[in-house]
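Please read the following report with the sequence and the three-dimensional structure side by side.

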Amino acid sequence: MSLFPNDRFNKLKKIKIFKNPFILFLPFLFLYVAFVVVMYSIPNRGDEPRYFRYANNLLQHLYFEPGSSLDLTNGPGYPILMLPFVALHLPKIFIILMNAVFHYLSVVFLFKSLQQYVTLKKALAFSIFWGCYYIAYQQMFSATTETTTMFLMSLLIFFLTRAYGRNAISGTKKYMFLSGFVLGYIVLIKVIFGYVVLVMLALLFLLWVFNRKLANYRKGLLILCIAFCTFAPYLFYTYYLTGKVFYFGAASDTLYWMSSPYEGEYGDWKGSLDLNPVEFGNYNIPGSDDSLVAHHKKDFDEVYKLKGDIAQGDMFQKIAIQNIKSRPLKYGQNIFYNIGRIFFHYPFSYAVQRPKSLFVMPLNGILVTFILICLLPTLVFWRKILFPLRLLLFMAILYLGASSLVSAETRMLT
């Protein structure tokens with residue numbers, strides 16, 4: 001049975017409210033607000049303290065605090081959005097409620113984008129699927145970057161498809177600018193997209209050199225250049241602090257854990273090796289902490305001899321590269337496991353069974369099935385796919401490919 005029977009659907013299309021996606025998807029907004037209120041927690045947790053610290057720094061007209069350890073874990077994009085709430089000393093729940101609004105808007109703009117390419121019925125079906133994609137809800141009740149990034153990605157899809165227009169030639173300069181700005185702002189929130197933009201900029205430039213008559217490449221280059229100009233001031237700032245070119249953020253220990261050469265370790269992130277006491281979370285098998293200490297204490301001792309996040313990050317990276325060179329097949333195995341964690345929240349090293357996997361696997365199993373079904377026709381008819389969709393698909397491949405090389409989780413997929 002069809003999700004939307006034709007006779008009923010045709011009647012719905014004639015209703016004026018049905019034509020306005022902002023009203024059409026309001027039930028999702030009510031759902032998300034209720035979810036946030038129920039799940040809200042007053043104490044800061046996870047990465048929240050860092051974002052609040054950055055926001056307070058910006059109120060003092062600085063980002064990095066002179067005299068403290070140089071901490072450039074993420075860009076200023078999310079703390080900038082937090083500024084009005086922090087400046088007015090509003091309770092944290094107002095920032096969390098912003099997540100509910102952003103997630104609702106991501107559904108709306110996905111629908112508006114899909115309307116340009118598929119029937120109204122299909123656009124509605126896929127938008128409802130995204131609105132009901134409960135795996136994306138897990139970060140909605142915390143003051144972190146995931147929900148904001150989802151909204152901006154949806155907005156980017158809308159602006160980029162409008163920049164090219166349905167026939168890839170009828171877009172406007174306004175949407176080109178907005179596409180570039182939103183993409184650049186995403187980099188300021190999730191710095192991994194900075195490397196994605198740089199790779200796309202280089203490849204698109206080469207394509208344009210050999211195909212200068214194609215307006216698609218020229219327009220794509222302009223959009224990427226606008227994105228670069230959006231986050232370039234931050235790169236100048238990090239260069240001033242570190243002396244490093246294209247320094248988006250401090251190298252963390254994610255590549256280190258991903259490169260683990262030891263059997264029984266699958267490349268998932270285990271955090272700082274704190275020996276007094278050792279704490280790696282609630283999901284480790286009792287006694288496994290001893291194995292982690294035996295395997296990694298020497299490396300962490302080398303890292304902690306150095307002062308500052310930059311020096312320590314560089315040492316983590318150096319040890320990781322040595323591990324990869326000595327055991328490349330094990331690193332390849334860890335990448336395979338990492339892809340499993342991105343899509344299915346499985347497997348984890350030294351871990352007891354995680355009930356969360358039961359909720360992730362069925363839904364993402366459907367998603368992976370559709371991806372595999374679409375893979376062959378996408379390759380066969382690649383040149384017939386409209387350019388903005390190819391650009392977005394290539395961006396997604398670069399992002400997921402880069403994410404699979406370091407310790408990642410399911411939230412990276414959403």
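Y350 is buried, with a relative accessible area of 16%, and in this predicted model Y350 has a positive phi of about 50° although it is not a glycine. The place of Y350 is in the loop between α15 and α16, and that loop also holds H345, a residue that is buried with a relative accessible area of 8%. H345, which is not a glycine, has a positive phi of about 60°. For context, most residues other than glycine have a negative phi, and most peptide bonds are trans. The loop between α15 (328-344) and α16 (356-380) contains P347 as well, and the peptide bond that joins Y346 and P347 is cis, with an omega of about 5°.

| Residue or bond | Angle |
|---|---|
| H89 | phi near 55° |
| Y346 and P347 | omega about 5° |

Helix α5 covers residues 77-87, and its buried residues are G77, Y78, P79, M82, F85 and V86. After α5 comes H89, whose phi is positive.

Seen as a whole, the protein chain has 17 helices and 0 strands. Its radius of gyration is 23 Å, close to the 22 Å that the globule rule gives for 414 residues, so the chain is as compact as a globular protein of that length. Along its principal axes, the C-alpha trace spans about 65 × 50 × 50 Å. Buried residues make up 45% of the 414 residues, and among contacts between residues at least 6 apart in sequence, 72% join residues at least 24 apart.

The protein chain exposes about 21800 Å², of which carbon and sulfur atoms supply 68%. The chain carries 39 positive and 20 negative side chains, and the centres of these two sets lie 22 Å apart.

The mean pLDDT of the protein chain is 88, and 90% of its residues reach 70 or more. Over residues 275-282, however, pLDDT stays under 50, and the model has 10 contacts beyond four places in sequence for this stretch. Where pLDDT is low, the predicted coordinates should not be read in detail.

Definitions and conventions
Residues numbered from 1 in each chain as written. Predicted model: local features only at pLDDT ≥ 70, side-chain atom pairs only at ≥ 80, totals over all residues. Heavy atoms only, no water. Helix = DSSP H or I, 4+ residues; strand = E, 2+ residues; numbered from the N terminus. Rg over C-alpha atoms; globule rule 2.2 N^0.38 Å. Buried < 20%, exposed > 50% of the residue type's maximum accessible area, 1.4 Å probe, protein only. Contact = heavy atoms within 4.5 Å. Areas by Shrake-Rupley, 256 points an atom, 1.4 Å probe, with all protein chains shown as cover. Lys, Arg positive; Asp, Glu negative; His and termini not counted. Charge placed at Lys NZ, Arg CZ, Asp CG, Glu CD. pLDDT = per-residue confidence, 0-100.
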